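Here's a quick tour of charges and rings in one protein model. Have the viewer open and follow along.

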Amino acid sequence: MNKEIEKKYSIKNLPDDIEIVKIQDIQQAFIYRDTKSHIRLRKLDDRKAKTTQYVYTVKTKGDITYNNDYNIARLYEIESYISKDEYEDLMQKRIANMINKTRINVPIENDLVVEIDIYYDYLEGLITAEIEFPDEETAKIFEKPDWLGEELGYKNFSNGKLSLMNREQFINNVTDEFMENNKIIIEKLKKLI
């Protein structure tokens, strides 16, 4: 069982020397959720490797203290690879909206990776940057690159929360300025991928 420690940011701009090391198209949905855990399904299409994987993930708060600090998500995570048939069967049991996004991995210093997610469908216009840390200390002392914007936290922008929204609810959680900047960033990224 891995401990997952993450922070999520908006994106102010893209660096001129951005290095993209991986691009995946992701389809995901949740099939179970309670106050301490959830089960997620993902289909991962790797554009460069031209592979598809299906992943069954259980995330839980487990026995850790959870202090509602939404700036750092701390969960335990168990992942298993499943077959396409299992994925399609389990997907029939989804309990929230399907999320479709493209994930772009960009390495930064200290062997960290920024996962830029461009969302589609009812979340069209949303782009986020997420960083997973090896431990809480690294997350606490992390100084973000200048091109990342404000910390979005997880209260409204976790994939679990986003999956429960409709378009109107999503738009009510963002500003026009946020969406306009996202549009510019997304257009630049589309030219790179």
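## Ground rules

Buried here means under 20% relative accessible area, exposed means over 50%, and partly exposed is what falls in between (1.4 Å probe, protein chains only). The areas themselves come from the Shrake-Rupley method with that 1.4 Å probe, and for residues only the protein chains shown count as cover.

The model is predicted, so local features need pLDDT of at least 70 and side-chain atom pairs count only at pLDDT 80 or more, while totals for chains, interfaces and linings use all residues. Residues are numbered from 1 along each chain as its sequence is written, and side-chain values use heavy atoms, with hydrogens and water left out.

## Salt bridges

Side chains of opposite charge can pair when their charged atoms come close. With a salt bridge taken as a side-chain nitrogen of Lys or Arg within 4 Å of a carboxyl oxygen of Asp or Glu, the count is 8.

Take Lys59 and Glu77 to begin with: their closest N and O atoms are 3.5 Å apart. Elsewhere, salt bridges with shared partners join Lys101, Arg103, Glu115 and Asp117 into one network.

Arg47 and Asp25 also meet in a salt bridge, at 3.0 Å from N to O. This one links distant parts of the chain, 22 residues apart: Arg47 is in the loop between β3 (37-46) and β4, and Asp25 is in strand β2 (residues 22-33). Both ends are partly exposed, Arg47 with 33% relative accessibility and Asp25 with 24%. Then there's Lys43 with Asp45, at 3.9 Å from N to O. Here Lys43 is partly exposed at 25%, and Asp45 is partly exposed at 23%.

## Aromatic pairs

How many aromatic pairs does a search of the whole structure find? It finds 4. Rings of Phe, Tyr and Trp (its six-membered ring) pair if their centres lie within 6.5 Å; planes under 30 degrees apart are stacked, over 60 edge-to-face, and the rest tilted.

Tyr54 and Tyr87 make a tilted pair, 5.0 Å centre to centre with 45 degrees between the planes. Tyr54 lies in strand β4 (residues 51-60) and Tyr87 in helix α1, so the pair ties together parts 33 residues apart in sequence. Both Tyr54 and Tyr87 are buried. Phe133 and Phe142, in turn, pair edge-to-face, at 5.1 Å and 65 degrees. Phe133 is buried at 3% relative accessibility, and Phe142 is buried at 15%. Together with Tyr9, Phe133 and Phe142 form one aromatic cluster.

## A negative patch

Asp85, Glu86, Glu88 and Asp89 form a negative surface patch. Patches use residues with over 30% relative accessible area and no salt bridge, joining like charges within 9 Å and nonpolar side chains (Val, Leu, Ile, Met, Phe, Trp, Tyr) within 5 Å. Lys and Arg count as positive, Asp and Glu as negative, and His and the chain ends are not counted; each charge is placed at NZ of Lys, CZ of Arg, CG of Asp or CD of Glu.

Glu86 belongs to helix α1 (residues 84-91). Its relative accessible area is 42%, so Glu86 is partly exposed.

Conventions. Helix = DSSP H or I, 4+ residues; strand = E, 2+ residues; numbered from the N terminus.
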